[in-house]
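Please describe the structure below for someone who has not seen it before. A short report with one table will do.

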Amino acid sequence: MFRNRRRALASARALDQAVDSQLAAVAKLPEDARRRSADHLAELVLLAQAYRHYARGWISHRELANRGRSATARLAHLRSPRPAPAHLTEQD
């Protein structure tokens, strides 16, 4: 059990480091890309939080797995291509 908790905390730290390393770059992106990247990083923060909750015994392994699947689905949705916005012009 202690090994699982240590691994969960190590996973949370790795996710936190990934977010920290990308945070400065997000501010330099165009607004649309910045929003999507910020949402992506927020999902990673929530997943890291779930790992910490598991390590503290606040959630079960099953709940951690459920949160991991949900985060993966949301990340996949964020990575899916977005249609380009239509540029409408008035006809003369």
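L44 is found in helix α2; helices here are DSSP runs of H or I with at least four residues, strands are runs of E with at least two, and both are numbered from the N terminus. At 13% relative accessibility, L44 counts as buried (buried means under 20% relative accessible area, exposed over 50%, partly exposed in between, with a 1.4 Å probe and protein chains only). Leaving aside residues up to four places away in sequence, L44 touches L15, V19 and L75, where contact means heavy atoms within 4.5 Å. L44 and L75 lie 31 residues apart along the chain, and their C-alpha atoms are separated by 8.8 Å.

The model is a predicted one, in which local features need pLDDT of at least 70 and side-chain atom pairs count only at pLDDT 80 or more, while totals for chains, interfaces and linings use all residues. Residues are numbered from 1 along each chain as its sequence is written, and side-chain values use heavy atoms, with hydrogens and water left out.

Helix α1 covers residues 2-26. Its 25 residues should span 36 Å at 1.5 Å a residue, and the end C-alpha atoms are 36 Å apart, so the two values agree; the expected span is 1.5 Å times one less than the number of residues. The buried residues of α1 are A8, A12, L15, V19 and V26, and they pack against α2, residues 31-55. An α-helix has 3.6 residues a turn, so residues three or four places apart point the same way.

How are the axes of α1 and α2 placed relative to each other? They pack at an angle of about 160°, with the axes 8 Å apart. Axes are lines fitted to C-alpha atoms over the stretch in contact, and angles run from 0 to 180 degrees between N-to-C directions. The residues of α1 that meet α2 include N4, R5, L9 and L23, and those on the α2 side include R34, L41, V45 and Y51.

The chain as a whole has three helices and zero strands, in the order α-α-α along the sequence. Some totals follow.

| Property of the chain | Value |
|---|---|
| Buried share of the 92 residues | 22% |
| Accessible surface | about 7,200 Å² |
| Share of that surface on carbon and sulfur atoms | 55% |

Accessible areas come from the Shrake-Rupley method with a 1.4 Å probe; for residues, only the protein chains shown count as cover. Among contacts between residues at least 6 apart in sequence, 61% join residues at least 24 apart.
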